[in-house]
Each structure stands twice: as structure tokens, then as C-alpha cells.
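Me: I have a protein model open and want to learn how to read it. Can we go through it feature by feature?

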Amino acid sequence: MADQTGAFCEYMRRFKPRTLGGRIFMIMMVGGVIIAGISSIASKYIIERSERISRAYTLGFTIRELILIAESPELQGNIVDIAARDGLSLRVLPADDIGTILMFSRPAQHIAMPARLADTGWPTSVKVHFRRGRLGSEQRDLIETAENPSLFFAGLSREIARQGLEARIEVTLPSGMRMLLSHPVLWSDYASPSMVFLIFLVGVVAVLAVFAALADLLAGPFKNLTEAIIRQGDEVEGPPVEERGPTEARSMAAAYNGLRERISRMLGDRTRMLAAISHDLRTPSTRLRLRAEFIDNEELRETVLRDLDEMDGLLNDALDFLGDWIHKEDERTVDFTSVLQAICDDYADLGRPVSFEGPQPLRFSSVHTVFGGGDEAHSFGDKRSIRLTCRPGTLKRAFTNLIENALKYGYRAYVSLDATADMVLVSIRDEGPGIAEEYQEDVFLPFFRVEGSRARTTGGSGLGLSIVKTVIDAHDGTIRLRNLPRRGLEVTIVLPRRVDKV
């Protein structure tokens, strides 16, 4: 049995379409066959039910014929044959044989004959014995308003068939004879339209659930590829993405793996090039610095040394911006309040105008109870610690650059920190002229500089904010600039508050 199952699975894998379009077409074909099957079953039920109701209606005229025969003694010998002709089961019972008539435990339902037909020699009493259920008031009104006895019994037979319930009709004749009529097909238990609709609905929901599962299975390789790209992010190291699924998914995974490999080679080449540049430029720079010390003209010597310092700073910034130093630092959970306050305290110790405002303590108000209490405010201590999983070294470099910019162009730096359950917010304000709105996006580009108060004469390489943007992006954060109403620039950094469990 296991061998047969394995052979069948191998057969299905061999003939399963390899392309995404082929698999979608196969699912649509299977779904169409299933839906067509369900629809054909529902159509067959509707047709059969309509035929049952139609046949039951014509059965009423046979009942009228049987009653006429039962009232004519010379014709009573043919009564059973006429009933069998239309599939009816007929029992003619004496007036006192009540126990045989009451076949079901439920009480019989009386159907009133129209008053105008009561004196025509037609049945004096009509009862319907149901195993379960009964005729509704609207159905009874429709039957009891018939124009003649034939239509009366036709309507009665039709409504019993419409109900889909097992039933027997008891007819009492003026002579006292009782007739018990039943039909094993038309007056038998049959699924009601509401039940069939419920079954049809459950079938459709089941088919849709299967389709949803198949669609999810079909999209699985693409979802895995997307998750791998998001998970790896800017990282190019790690195992390649598994190449499985339809041809399109395999091609995408192969292309992505090839792209990662090419990027990895490019980054390796860039790292080796940067190392070579750093080595080859620092050596002559050091020689120039030593030779500058022998220049007798003090003003010229200071100018040369200042140019060398600017060149070294530009080289360091460029190497930091182009290097992969951000992702080389491991993430760890730190007290971010202490990290940011330590940066500000270092500037303050050097006499630089940098102030720090930490997050406000958590506060709550007491509630009224039977033991007292009121609307008194309480807080959890003076200092609020904010835990954050990050690369603290790179964030320290970014915030140092921002504070340096605030001091260089805005004369003072006001640093504030706050946090919610989902994010950490840092604001750095200065008292400078700000940045025109049309340049606020461009200042994050490498080597871009704004003329005017932030001209080249103020120093800098034009890479400080680019490095800051790279660090914030590596932490999935955002940075935005805003000119203050009177004077100054406000830089707002929003970091997602992630805390790894220890």
C-alpha cells in the first residue's frame, strides 16, 4: 500500500505543471469541475423536486376517482388496481378499525372540506397523519378554498409533497367507509430546500477553503522569498534562498541569490580598495605633516597643518561613509537614556552649550475606593530608564554628528528624549538660521552643502548628515528637519522601540 501511495505521489509530481500559470490553470480546472458537480447536483434536486410536486398534483385526480369507485358497489373490485396504477397504497377499513388507521404517534391534522361541497356526497372528513411536521396555515387555506373536490385533493397532495414529509391521508366517506392512502415516493421524507441550500452552502465554503489553501500553497515560495529578503535586509552574508516552487519562483530565487553574490563581491572589492586608499594616502600625509614642522614661517606652517587636518578629516568621513562599519557592530540592549545623556554630559564638561532633557517620569492618578483615595497624582521616581535594542556605538556617532552640527551652525544644542510603547523620539534644537525647506531633503545626500551660513568656510566635509541618515536607516528609524517658528532648526529622530528578551 505504501509503495502504491508513493508511486501515485511520484506520478502527480511528474505531471504537475512547472510554471505558475500552469498551476493556476490546473487549480481553476479542478475548481470548475467541483463547482460544476455541485451545481449539477443542485440542479438535479430542483428538477426532481419540481417533478415530485407536479406528479403529486395529478395524484389528486386519482384520489377523486378512487372515492367515486368506493361509493359505487358495482365498481369496487377495480379500486386496488386503479390505486396501484399511480403508485398509491390503498387500504379500505371498517368504521371501527381506528387502531389500524392511526399509524403514527402524532395526532392527525384535520383538513376542512369546503362547506359548499359538504352536501354533494363527498367525504365527510379528511385527516393527514404525519410522522413529523404539519401543514402551515397558509397551505391549509390554499387547500380548503378549492373550487371542487378534485382540486381539493390535488392541492392537498401537492402541499404534502412540497413539505417533503412522510404522510398518509385518511378519508371518511358518507357511508362510513374509511380509506387510508399513502405513496412511498411522493409522500415520503425528502430533503427540504432549506436543508439542500445549507448543504450546498457548506460545500461551496469547503471548496473555497480548499482553494484558499491551494492558493496559499502556490504563493508559499514567493512569500518565503519575500521574507528572506526582508529578514536579510542589507546583509549579503548568510545562506542562499532555497530555489523551489514553480519556474517563476525558482527563477526569482536564483536571480536574487546571484544578485547577492555579485553585491558581496562588489563590497569585498570596495573594502579592499578602501583599505588600500587609506594606507596609500595616510603614509604621504604623515610625511607631509612631519615635513611641515620644519617650515620656518609659522603662519605658513599653521596653514599647511590645517589643510592636512582637513584632508585627514575628509578622508576619515569618506571611509566611514563608504565602509560597512555600521553592520559590523552587534546589536545589544542598553539604557538609551544613559547613552544619550553621557554624550551631552561630555560636551557640557568641555564647556560646550549642550543641555539634555530626559523623558518625563511615568505618572498615574489614584482612583476612589471604599477605603478612600482620590485624584492624587503619583510618579515612578525622577529618572525614567528607556531600554532599547540597538547598535549603541553607531547611534552615538550619529547623535554626536547632529550635536556638532547644532553647535557649529546653531550655537547651542537642546537635546530632549521621550518614548512610547512603540517608539523612541529624540529632538535636537539649535538657535541657528535653519535650512530652507527646498534643501531639507538634499542635505542628507553625500557631499551636499547649503550655501550661506552653512557655507564651506564653516568647515565640514558634507558627509556628516549622510552618515547620520545611514545609521538611522540601519535601525529602521526616520529623521526629519523642521524650521522653528522664530529661529533655529529642530531635528527629530524616531526609532522603533525594540527590546530583545534576555
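Reply: Start with burial. Buried means under 20% relative accessible area, exposed means over 50%, and partly exposed lies in between (1.4 Å probe, protein chains only). Here, buried residues make up 35% of the 502 residues in the protein chain.
This is a predicted model: local features need pLDDT of at least 70, side-chain atom pairs count only at pLDDT 80 or more, and totals for chains, interfaces and linings use all residues. Residues are numbered from 1 along each chain as its sequence is written, and side-chain values use heavy atoms, with hydrogens and water left out.

Me: What average pLDDT does the protein chain have?
Reply: First, the term: pLDDT is the predictor's confidence in each residue, from 0 to 100. The protein chain averages 77, and 77% of the residues score at least 70. Over residues 452-457 the pLDDT is below 50. Beyond near neighbours in sequence, that stretch has 12 contacts in the model; contact means heavy atoms within 4.5 Å. Where pLDDT is low, the predicted coordinates should not be read in detail.

Me: How many helices and strands does the protein chain have?
Reply: Helices (H or I, at least four residues) and strands (E, at least two) are DSSP runs, numbered from the N terminus. This protein chain has 13 helices and 14 strands. Look at contacts with a separation of 6 or more: residues 24 or more positions apart account for 67% of them.

Me: At what angle do helix α5 and helix α6 pack?
Reply: Axes are lines fitted to C-alpha atoms, for helices over the stretch in contact, and angles run from 0 to 180 degrees between N-to-C directions. Helix α5 (residues 137-144) and helix α6 (residues 149-163) pack at about 155°, with their axes 8 Å apart. That makes α5 roughly antiparallel to α6. The cut-offs: under 35 degrees is roughly parallel, over 145 roughly antiparallel, 65 to 115 roughly perpendicular, and the rest oblique.

Me: Which residues make the contact?
Reply: From α5 come Q139, L142, I143 and E144; from α6 come F152, G155, L156, R158, E159 and Q163. They divide into four nonpolar, three polar and three charged. For this count, Ala, Val, Leu, Ile, Met, Phe, Trp, Tyr, Cys and Pro are nonpolar, Asp, Glu, Lys and Arg are charged, and the others, Gly among them, are polar.

Me: What order do the strands of the open sheet have?
Reply: Two strands pair if DSSP finds at least two bridges between them. The open sheet of five strands runs β1-β5-β4-β3-β2, with antiparallel pairing. β1 (89-93) and β2 (109-111) stand at the edges with a single partner strand each, so one side of each has no neighbour in the sheet. Neighbouring strands are turned by 25° against each other on average, direction ignored.
Take one pair. Strand β4 (residues 167-172) and strand β5 (residues 178-182) pair in the antiparallel sense over five bridges. R168 stands opposite S182 in β5. α6 packs on the sheet, touching β2, β3 (125-130) and β4. The direction of α6 makes about 10° with that of β3.

Me: Where do the side chains of strand β11 point?
Reply: In a regular strand the side chains alternate between the two faces of the sheet. Along β11 (residues 413-419), A413, V415, L417 and A419 point to one face and are buried.

Me: Which strands pair with β11?
Reply: Strand β7 (residues 354-357) pairs with β11 in the parallel sense over four bridges. There, E357 has S416 as its bridge partner. Strand β12 (residues 423-429) pairs with β11 in the antiparallel sense over six bridges. V415 has I428 in β12 as its bridge partner. β11 and β12 form a hairpin with three residues between them.

Me: What phi does Y411 have?
Reply: Most residues other than glycine have a negative phi, and most peptide bonds are trans. Y411 is not a glycine, yet its phi is positive, about 75°. Y411 lies in the loop between α12 (392-410) and β11. Y411 is partly exposed, with a relative accessible area of 49%.
Now try D476. D476 also is not a glycine and has a positive phi of about 60°. D476 sits in the loop between α13 (464-474) and β13 (478-483). With a relative accessible area of 55%, D476 is exposed.

Me: Which residues of α13 are buried?
Reply: They are L465, S466, I467, V468, V471, I472 and A474.
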